[in-house]
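Please open the model in the viewer and colour it by chain.

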Amino acid sequence: MNREHVMAVLYDMAMVIGSEVELRPLLKRCLQRLLYHTSFPVGLVFLDPPSTSGESVEARLELAIGDHELADRAGSTLHLPAGLLGSEPAFRQDPPLLAQLGGTHRPYQAFLRLPVDGQGVILLLDPRPPRGEPPLPHVFAPVMANLARAIVLCRDHEARSAGLVAERDAARRGFAESAGTLRAMSDAAFDAIIACDGAARISYWNPAAERVFGYPAEEAMGKVLHELLPAMRYRGPADEGFRRFRESGRGPALGHTLELEAVRKDGTEFPIELSISSIRLEGQWCAVGILRDITERRHLEEVLRRSQKMDALGQVAGGVAHDFNNLLVVINSYAELAMGSLPDTAPLRADLEQVVLAGKRAAALTRQLLAFSRQQVLKPVVLSLNDVIRDFEKMLRRLIGEEVELHTGLAAELGRVRADPSQLEQVLFNLVVNARDAMPSGGTILIETAEAEVDAGRARHLGELRPGRYVVLSVTDTGCGIDAATMSRMFEPFFTTKAPGKGTGLGLATVYGVVRQSGGHVEVQSQVGQGTTFRIYLPREAAPAEPAGPEPAHSPGGTETILVAEDEQAVLRLTERVLISLGYQVLATSGPAEALEALARHPGPIHLLFTDVVMPAMDGPALAERVRAERPQVAVLYMSGYPGDVVAAHGRFGPGTPFIQKPFTPSALARKVRETLDAGAAEGGRVAPP
Amino acid sequence: MARDAMCYVDSIDEAAIVQVVRRWREAHPGLGVLAMVPEAQAAAVGRLQAIFRGEQVPLVGAVFPALIVEQKFSDRGAWLLRFDEAPFSLLQADLPRDGDLAPAADALAGALKPRLDGAPEVTLLLLCDALFPRVGTLLDELYLRLQDRAHYMGASVGSETFKPVPCLFDAERFVQGGLLALVVKGSRGAVLEHGYRVPERMITATSTAGNRIMQIDWQPAFEVYQAMGKLLYGVTITRENFYEFGVHFPFGIVRASGTIVVRIPVALDDDGSLACVGEVPANSVLALLAAPQVDSSRTVETLVTGLSEIEGPVAGKELLLFYCAGRRLHLGLPAAEAELRALGQRSQAAAIAGALSLGEIGSSSEWAYPLFHNATLVGAVWGPA
C-alpha cells in the first residue's frame, strides 16, 4: 500500500468513527469497516483494559462479528492467553496461541491486534493463513486513538443521555401522574369543564359536560362551542367575542361569571352559570370554561321566593283576620245576645238573624284567612287519611254533580298522619271543588293515597320538607290545566281565575295554609288542556289513630268570680256581659295594671283570670304570674286572635294551657270557662266555688 | 462423477421440463429446483411456475441478463438446478430502499437462523434485485446477525438495462425489489475473483446516497470522472459515450488489505451524479480504475485454485457460475467467452451452469468477510462436497 492508500483507509475509518454518537453502533461500524478493509472474517472488541492474572487475562467481550459462538458470548468476560491481548499493535500467525482462545471450535491461524488506547482491544482473527499483502498493524494506530476518544465520548454521551432519559422519564411519569390526577379531578368534577381553541372548537370535554349537555366526548370534540348556545340570543356575540379573543386573548366574558341559557343535545334549553378563563397553549389562545347547570338552583330560588311571598301574605292576612275577629266577636256576640233577649215573634229577630248569618260568614272568611296564614288553631289528631276520604266521599260525590266521575285509589297499607280532620276535609273539599270547576264539560277526578319516601335531594328540590316518610294525597283531574302564570300565583289569597262571585280566591290559599301548618307540602303538576294533579305530602305519623270526642251542646254557667283583662273595650264589655249572663261574678278590667288593682281591692276569692295574651305594657302570661303570686289558686284562661301568640309565649305556657281563640261564641266561651274552672277544682289547688 | 443435478433446457417447454423433473424425482422424491432464466425469456416464467405447480415440485428462481451455457452466453432456454432435498427459501419482495435496514435484516435473519444452526456446512445463496441499491449494507447486517453460520454467495439479478422488472420468483410469486435467500446445505461456499489492481491516484466521493455518487472531491461527480479519465487514461468521456466507457473505467473502493471493491457506474443523471451497481459509502476514498487488461488465465487459475482449496479437485463436478455483465461489456463478448472456455478447460468441470449477473456476493477465500462486488466471477461447486 502506498501512502495514499493508507490515507484513504484511515480517512474512511475516521469518517466512520466520527459519524457515531452511541457506543454499540460505533463499535459495530468500526469493526465492520476493519473487517472490510482487512479481509479478516472475524472481529472481536474487548472493552476496558484487561486484567492480567498470571499467564492469562480477563477481558470483557463487547462485540463479535464472524464467529457465532464467540458472538453468543458477547457481554461476558473471557479468559484469554496474555499473549493475545497485549498493549501493542501486532500481526501474528500463531495457531497454538489462538487455540487457547476458547469459546469457539474454529481453529484460527492468524490475528491482528489493535489496542484502543486504554479503552480496550480489537482482535481480528483469520482461520486461514494470511494471503496477499499482510496488514500493517501500526497503520491503524491513529484511528484507534480516535476510536478510543470516540468510545469515551460515546460513553459520556450515553451516560448523559441516560441521565436525561431518566430525568425525562421521571418528568413524564410525574407529568402522567399529574395529568392523571388532573384528569381524575376533572372527571370527578360536578361542573362541566370545557376547553376550546382559538376558533372556539372544543378540545376538552369532561364527563360532567357529557351529563349536562348529553353529548358524549367523541361527539362534542371539534364541535364549535357556540352550537351549545341558543342561536338567536348568543351565537352572534359569541362569534365576535371569540374573534377578538383569538387575536388578543381578551374578551368581555373573560374573568366574569355569567348566567345564560344553553342548549342540550335534545334541544332543550336550560340555565347555566359560566366562568371563562384564558390559557396560552402552543402560541395560541385557548379558553377554558367551567359551567354549571343552575336549573335546580333557579328552582330553589323560585321556591324560596314564593315561600317568602306566601309568608308575607300570610302575615298581612293574619293581621287583618285578627282585627276582624275582634270586631266579629263583638258583632256576633251582641247579635246573639240581642236575639236571645227577644221573643221569637219579635219583628227585629229576623233582622238580627241576618246579622248573625253575615257574621258567621265573615267569621268563616277570617278562619280561611287564618288558615292561609297558618294562624288558625288546629286540633290535630292522629288519623287515617283513607278514613277521612271514605267518610267524606259521599258528600264529595254530591258536590261534583253527575257530569264528573269520581274515582278513588286508596293505598291498602297507608300510614297515619297528625292533622285536624275538619281541616283535612276542608282541603279535600277545596281541591275537589277546584277540580270540578276545571271540568265544566265533565271529566274525571281521581283521589289517591300513597306513601312516599322523600330523600334529601327531593326534599331540597321541594324546598319545604324534611327528608322522611310521607303520606301523599293526590287529587287529579282531567280538566283544562293551569298555565304557568296562574301556577305562580294560585296559592295567593283572593287570587282567582273564576268569574266574579264564583269564588273567594281563598280555596287554594286555605289548602296551602292548612298543609303547611300541618308540616306538609303541596306539589302541583299541570299541563294545559290535559289536567292537573295536586299532591299533598303530610308527615307519616307512627302513633295509632285517635277517636274524636263529642262536642258538648249546652252553655254551662257558674257562680265563681272571674277577673277579666282585655285591652279591647268592645271585647271586654262583651265578655263581661256573657259571663254575667252565665251567672259568674265578673271583675272586668281593661289591662294588666287595672287588673292588678282590682285584685288588690277585691277581698273575696277570685277563681279565674281570663286574660288576653297580647296587651300593652304587660302580656297575659306576665299578668297571670303576678296574680298567681298573690293568689296561687287562681286558674288562668287565655284568649287571643293569634295562635302565633301561643307559639311566642310557649315558653311560659305549659302544654295544655287553657286557651280560647277569638272570635268565640258565647256558648264556646261558656264551655271553655266552665272547663277551666272545673279542671282547676279537680286539681284541688284552685279556689272552690262559693 | 457428474451428479446430473444441472439441466439446461433450450426452451421453456413443458414436456421437456416435465421429463427432467420426473426423472430427477425418481431418484430424489423430495427435490427442489432453482431455475435461472434469461431476461429475454422472462415472459415464460409464468409457464415455468405452472409446470412446477403441476408437478408439485418446489421451485425458486431468478431472471438474469443472460445465461452461460457450454461456455457461451445465451438468451434462450433456462437452467434447472436440482436440490436433492428442497432447500429452505425465503422470497422477500420490496426491501426498503432507504431508512433503517435493521428491521428487515432482523426479520430475514430471524427466519434464516434456525435453518442454519446445526448444519455442518451450509451456504446462504442470496439473489437480489439489482435495483435494490443497498445490497452491501444488507449483507453487512446479515453477517452481523448470522455470523459464520453460513458461507455467503450470490448475485444481483434483473435486466441488463437496469429497468425495474420482476426478477425473483417461486412457484407462486414473481416479484421485484427484493431478495431470494436459499439455504444450501452441504455447500462450502464460493470463490470470487475480479483481477483489478489498486491504482496510485485516489479521489474522494464527498457526497453519496446509497448507490449514487453526487459529488467527488466536492465537485459534480461526472465532471471529476471526466477529468480523471482524461488525466489518468487519456480518454475523453462525454455524456454521449458514457455508457460505453463506464464499464471500462469503474470506481474502486480501496481496502487496507490491498484489494479493492469495484463499483461500475451504470447511469448518468442530468445533475451529473453517477449511479453504480452497489453502494458507495459516503466519504469513500475511491480509485478510478482502468479496466484491467484481464489476464483470463490468471483469473481462472485463482478461481479454480480457490474452489479446489474449499471443495477439493473440481474436475468432474458441476459448477455454478455468476459472471458480471459489466465484465463481459468491458472485455467484449469474444474475450469473455474465451474466459469461460478457459475456466471449463482449467476446471474440467462436468458442467458449468452460469448466468450473467449485475453484481456478485462472495469472498476470495473460504470464511473471508463477504462483500458485494462488481466485475467479478463467482464460482461454486453445485451439490454436496
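Select chain A: residues 24 or more positions apart account for 64% of its contacts with a separation of 6 or more, a contact being two residues whose C-beta atoms, placed from the backbone, lie within 7 Å. This is a predicted model, in which local features need pLDDT of at least 70 and side-chain atom pairs count only at pLDDT 80 or more, whereas totals for chains, interfaces and linings use all residues. Residues are numbered from 1 along each chain as its sequence is written, with chains lettered from A and ligands numbered from 1 in the order in which they are written.

With chain A still selected, display the secondary structure: there are 20 helices and 23 strands (DSSP runs numbered from the N terminus, H or I of at least four residues for helices and E of at least two for strands).

Next, select residues 421–437 and 507–517 of chain A, which form helices α12 and α15. Their axes lie 9 Å apart at an angle of about 145° (lines fitted to C-alpha atoms over the stretch in contact, with angles from 0 to 180 degrees between N-to-C directions). Show the side chains where they meet: α12(A) contributes residues including Gln423(A), Val427(A) and Leu431(A), and α15(A) residues including Leu508(A), Val511(A) and Val515(A).

Finally, display chains A and B together. The contact takes 30 residues from chain A and 23 residues from chain B. On the chain B side, select helix α4 (residues 135–146), which supplies the largest share, 3 residues.
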